Amino acid sequence: MEWYNLNKDYLAKFIKNDMKKHALFSKEGNMIYNVIYGFEKNLPEGVRSKIAETYPDYKITYTAKVKQSNRDIWVINLEGFKSIMIVRYEEGDIGEINSYK
């Protein structure tokens, strides 16, 4: 585990269950957010199927789960034949963040 001082907060970076994780804590020790980096296999089945249904011509290559203030937000990288797309999934809603050709 590695610790970093960010302004008045503390960032912990570590690997658990073969997944990279980052957690930001306030100086009082309260967690501000955490991010878990993974792959398609780490997505819940409901999220995976919704993404596959919405973007059938894309493959899920990388995922990040952001947990902050009782919210679970998935950031998902998708690769198509000639493009890459980054989408956001939260409580059934999907939105495109960016796309690259």
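Predicted model: local features only at pLDDT ≥ 70, side-chain atom pairs only at ≥ 80, totals over all residues.
Colleague: How many helices and strands does the protein chain have, and in which order do the elements run?

Modeller: The protein chain has one helix and eight strands. Read from the N terminus on, the order is β-β-β-β-α-β-β-β-β. Along its principal axes, the C-alpha trace spans about 45 × 25 × 25 Å.

Colleague: What share of the residues is buried, and what is the accessible surface of the protein chain?

Modeller: A residue is called buried when its relative accessible area is under 20%. Buried residues make up 32% of the 101 residues in the protein chain. The accessible surface comes to about 7100 Å², and carbon and sulfur atoms hold 49% of that area.

Colleague: Is strand S7 mostly covered or mostly open?

Modeller: Strand S7, residues 84-90, is mostly covered, with five of its seven residues buried.

Colleague: Which strands pair with S7, and in what sense?

Modeller: To read a pairing, one looks at the bridges and at the sense in which the strands run. Strand S6 (residues 71-79) is joined to S7 by six bridges, and the two run antiparallel. As one point of reference, Leu 78 has Met 85 in S7 as its bridge partner. S7 also pairs with strand S8 (residues 93-100), again in the antiparallel sense, over seven bridges. Here Ile 84 stands opposite Tyr 100 of S8.

Colleague: How many residues lie between the strands in the two hairpins?

Modeller: The hairpin from S6 to S7 passes through four residues. Between S7 and S8 there are two residues, and Glu 91 in that turn has a positive phi of about 50°.

Colleague: Let us turn to charged side chains. How many salt bridges does the structure hold?

Modeller: The general idea is that side chains of opposite charge can pair when their charged atoms come close. The structure holds four salt bridges. One of them joins Glu 45 to Arg 48, with the closest N and O atoms 3.1 Å apart.

Colleague: Why are Glu 45 and Arg 48 separated by about one helical turn?

Modeller: They are separated by about one helical turn because they lie three residues apart in helix H1, residues 45-54.

Colleague: Which residue forms a salt bridge with Lys 67?

Modeller: Its partner is Asp 72, and the closest N and O atoms are 2.9 Å apart. Lys 67 is partly exposed, at a relative accessible area of 38%. Asp 72 is likewise partly exposed, at 31%.

Colleague: Arg 88 and Glu 90 also meet in a salt bridge. Are these two residues buried, exposed or in between?

Modeller: Arg 88 is partly exposed, with a relative accessibility of 30%. Glu 90 has 12%, so it counts as buried. Their N-to-O distance is 2.6 Å.

Colleague: How many aromatic pairs are found in the whole structure?

Modeller: A search of the whole structure gives four. Among them, Trp 3 and Phe 25 form a tilted pair, 5.9 Å from centre to centre and with 40° between the planes. This pair links distant parts of the chain, since Trp 3 is in strand S1 (residues 2-6) and Phe 25 in strand S3 (residues 19-25), 22 residues apart. At 51% relative accessibility, Trp 3 counts as exposed.

Colleague: Which rings have the charged end of a lysine over them?

Modeller: The charged end of Lys 20 sits over the ring of Tyr 37, 5.7 Å from its centre. In a further case, the charged end of Lys 13 sits over the ring of Tyr 4, at 5.0 Å from the ring centre.

Notes: Residues numbered from 1 in each chain as written. Heavy atoms only, no water. Buried < 20%, exposed > 50% of the residue type's maximum accessible area, 1.4 Å probe, protein only. Phe/Tyr/Trp six-rings, centres within 6.5 Å; stacked < 30°, edge-to-face > 60°. Lys NZ or Arg CZ within 6 Å of the ring centre and 35° of its normal. Areas by Shrake-Rupley, 256 points an atom, 1.4 Å probe, with all protein chains shown as cover. Pairing = 2+ DSSP bridges.
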